[in-house]
Amino acid sequence: MSVTHMGTVHHFVVELSDVDRGVYESLAFKVARHATEPDEYFLTRVLAYCLEFAEGLTISPGLAEPGEPALAVRDLTGALQVWIDVGAPDALRLHKAGKSAGRVAVYTHRDPAPLVRQWAGERIFRSEALELYAVDRALLAALVPHLDRRMQFALSVSDRHLFITLDGRTLDGAVERIALFPNTDER
């Protein structure tokens, strides 16, 4: 797929210090951004990549590949281990994800309450294992003015709280795990 069809390719250099997971890495990666992809959605994809960084993690072209997860972890045989989505995927997509991967997580840049209500009455395979994370919307709004085709920043994570240092300032905000489907059986 050509870059012109995809929109723009962004280059990131991130010094990651994730105390919660014991991950300390210097990351350099590219992210293709579709022309219609909103800033907050795109930044949530980038942050999710950092927060989920592990051996075998790949980032999809985003909106240009609607059938694929935003991020995926595959083993050496190519089998999908982790399906990570961004935004507000519907229940049918999450049902497919639950059947395709051992772990499914969603990072949202929106108010998570409508998602929880939407998914509550739907059939989602292994819904009890589904993880939903809400990225602080004020943090995303503060990051938008810094969004550039080439970005370099330090990201420190402690107790799911993010500290992002770029352009001489530090921005911070939480990534909250949202409880889903309390006291329900597998759907």
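Arg 93 counts as buried because its relative accessibility is 18%, where buried means under 20% relative accessible area, exposed over 50% and partly exposed in between, with a 1.4 Å probe and protein chains only. The model is a predicted one, in which local features need pLDDT of at least 70 and side-chain atom pairs count only at pLDDT 80 or more, while totals for chains, interfaces and linings use all residues. Residues are numbered from 1 along each chain as its sequence is written, and side-chain values use heavy atoms, with hydrogens and water left out.

Arg 93 is part of helix H3, residues 91-100; helices (H or I, at least four residues) and strands (E, at least two) are DSSP runs numbered from the N terminus. Apart from its neighbours within four places in sequence, Arg 93 has contacts (heavy atoms within 4.5 Å) with Pro 66, Gly 67, Glu 68, Pro 69, Ala 70, Trp 83 and Asp 85.

Attention can now turn to empty space. Rolling a probe the size of a water molecule over the atoms shows where such space is left. Here a cavity is a set of points, on a 1 Å grid over the protein atoms alone, where a 1.4 Å probe fits but cannot get out, and its lining residues have an atom within 4 Å of a point. Grid points are joined across faces, edges and corners, and a volume is the space filled by probe spheres set on the points. Two cavities of 30 Å³ or more are present.

The largest cavity has a volume of about 50 Å³. Its lining consists of Leu 94, Gly 98, Val 104, Ile 124, Phe 125, Arg 126, Ser 127, Ala 129 and Leu 130. By class, this makes six nonpolar, two polar and one charged residues, with Ala, Val, Leu, Ile, Met, Phe, Trp, Tyr, Cys and Pro taken as nonpolar, Asp, Glu, Lys and Arg as charged, and the others, Gly among them, as polar.

The second largest cavity has a volume of about 30 Å³ and is lined by Phe 12, Leu 43, Val 46, Leu 47, Leu 143, Met 151 and Phe 153. Its lining has seven nonpolar residues, with no polar and no charged ones. Helix H2 (39-51) and strand E8 (150-158) each supply at least two of the lining residues, and H2 gives the most, with three.

H2 is mostly covered, with eleven of its 13 residues buried, including Phe 42, Leu 43 and Tyr 49.

Aromatic rings complete the picture. The whole structure has five aromatic pairs. One of them is Phe 12 with Phe 29, stacked at 5.4 Å centre to centre and 20 degrees between the planes. Rings of Phe, Tyr and Trp (its six-membered ring) pair if their centres lie within 6.5 Å, and planes under 30 degrees apart count as stacked, over 60 as edge-to-face and the rest as tilted. Phe 12 lies in strand E1 (residues 8-18) and Phe 29 in strand E2 (residues 23-33), so this pair ties together parts 17 residues apart in sequence. Phe 12 counts as buried at 2% relative accessibility, and Phe 29 is buried with a relative accessible area of 8%. Phe 29 also forms a tilted pair with Tyr 49, at 4.4 Å centre to centre and 35 degrees between the planes.

Methods. 1 Å grid on protein atoms, 1.4 Å probe; cavity = no way out; pocket = protein on both sides within 12 Å on 5 of 7 lines; lining within 4 Å.
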